[in-house]
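Please look first at the sequence and the structure, and then follow the paragraphs below from one place in the chain to the next.

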Amino acid sequence: MNMKDATRHYPRSLRPSLLGDLALYPVVAVMGARQVGKSTLCQGLAAERGFAHRTLDDRDVREQALGDPEGFLADLGDRGAFIDEVQRAPDLLLAVKSVVDKDQRKGRYLLSGSNQPRVGRAVSDSLLGRATYRTLRPLTLSELRFDEDHPGWSFLFDDDEGVVLAELERRATSNGELDWRQIVQTGGFPRAVAAPPDQRLRLLDDYVEVFSNRDVRDVLAVESSARLEAFVRLTAARTGQVLNASSIAGDLGVSVSTVRRWLEALQRSYLVELVPAYSRNASERVIKAPKLYTVDPALALAAARETTPTGFHLETLVAGDLLVWRDAGATRDLHHWRLSSGQEVDFVLEEDANLVPVEVKSAQSVGSSDARHLRTFQERHPNALRGVLLSCDREIRVMTGGIIACPWWSIL
């Protein structure tokens, strides 16, 4: 994988969707974690379209937006505008609504923000029917290869097994064998990718500290920022695991309701994602707790102050790619599956009411026993077209029950 020129602007697979949104909606908001690349992406789009550009990180600009939002928008003109870090002036959205109500022209405003509690809710409430928002996630492996087109996972739903196997072979050959530990330690935050390898975890550790002591305090009234930081680090240490709010509360000495409130803030700040449990049968004794994933495997390592990646970090890498795939399709969804009797599957992909269960292993060699829970899932769900076992095993093959075993780099 070519990652030598880390100073270049990476193409983002979200860009075509944003272009389509600007042709449909008066307001398009791009949300995501801090330093994930929102400003760079939106600045490029704004330049192409001749938009005015203002960032509310600039104090003078912010003061005008706060003090005279109507005048602020008037000064931008009517050729379109990109407003960055819009969460710093949440009331500005009411002025945007007023302008849009008078002029329903598509692609009027492009907004970006990193704090969904203020922006996402305001977009939903104030700009209902006038706006859409998209999530920009950390760089995927395809973007790190300078490919704007996210290859996705939909090919796994093809009825023709031969087509699926051929695509896996093609991708495996094109991507080449990859060291997942190196990929995990690099992550997808552009600044971390561009940093020297021995500085990446330190940079991301600082990111966690700044977030815990400044950013999230804009949203939550927290008595102790140190305790909140401990919470962020504890959730990072549990990436890829089923959420147990009571256990986290006990470890921190806070109430379960506090844990849930803090967890919601992390979700709304795009630092964690909860993947819900899958169940279509009320008679199944399914563990319904979601699985918790940090948005980026390198961030999970740094936040937990760990240096050695585990299989949970490989699973977190896969989860990030799957979430990009899920976000791009209205009929797609993502789950995990776990029975109270112990059988579990890491991911259940859903598209057009069809299912593909996916298990992730970090082992260099896998066999039939590693696919037993995939077979259990298929037996219980007739609309599961096939199972997929991802690992570091180089061989692409069909196992008993129609389960495809393949290296993880043959998809990502």
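Ser-391 has its place in strand E12 (residues 388–391), where helices (H or I, at least four residues) and strands (E, at least two) are DSSP runs, numbered from the N terminus. This is a predicted model, in which local features need pLDDT of at least 70 and side-chain atom pairs count only at pLDDT 80 or more, while totals for chains, interfaces and linings use all residues. Residues are numbered from 1 along each chain as its sequence is written, and side-chain values use heavy atoms, with hydrogens and water left out.

Is Ser-391 buried or exposed? Ser-391 is buried, with a relative accessible area of 1%, given that buried means under 20% relative accessible area, exposed over 50%, and partly exposed in between (1.4 Å probe, protein chains only). Leaving aside residues up to four places away in sequence, Ser-391 touches Lys-361, Ala-363, Val-366, Cys-406, Pro-407 and Trp-408, where contact means heavy atoms within 4.5 Å.

Now turn to a pair of helices. The axes of helix H13 (residues 245–252) and helix H14 (residues 256–268) come within 8 Å and cross at roughly 105 degrees; axes are lines fitted to C-alpha atoms, for helices over the stretch in contact, and angles run from 0 to 180 degrees between N-to-C directions. H13 is therefore roughly perpendicular to H14, since angles under 35 degrees count as roughly parallel, over 145 as roughly antiparallel, 65 to 115 as roughly perpendicular and the rest as oblique. On the H13 side, Ala-245, Ser-246, Ile-248, Ala-249 and Leu-252 meet Val-256, Val-259, Arg-260 and Trp-262 in H14.
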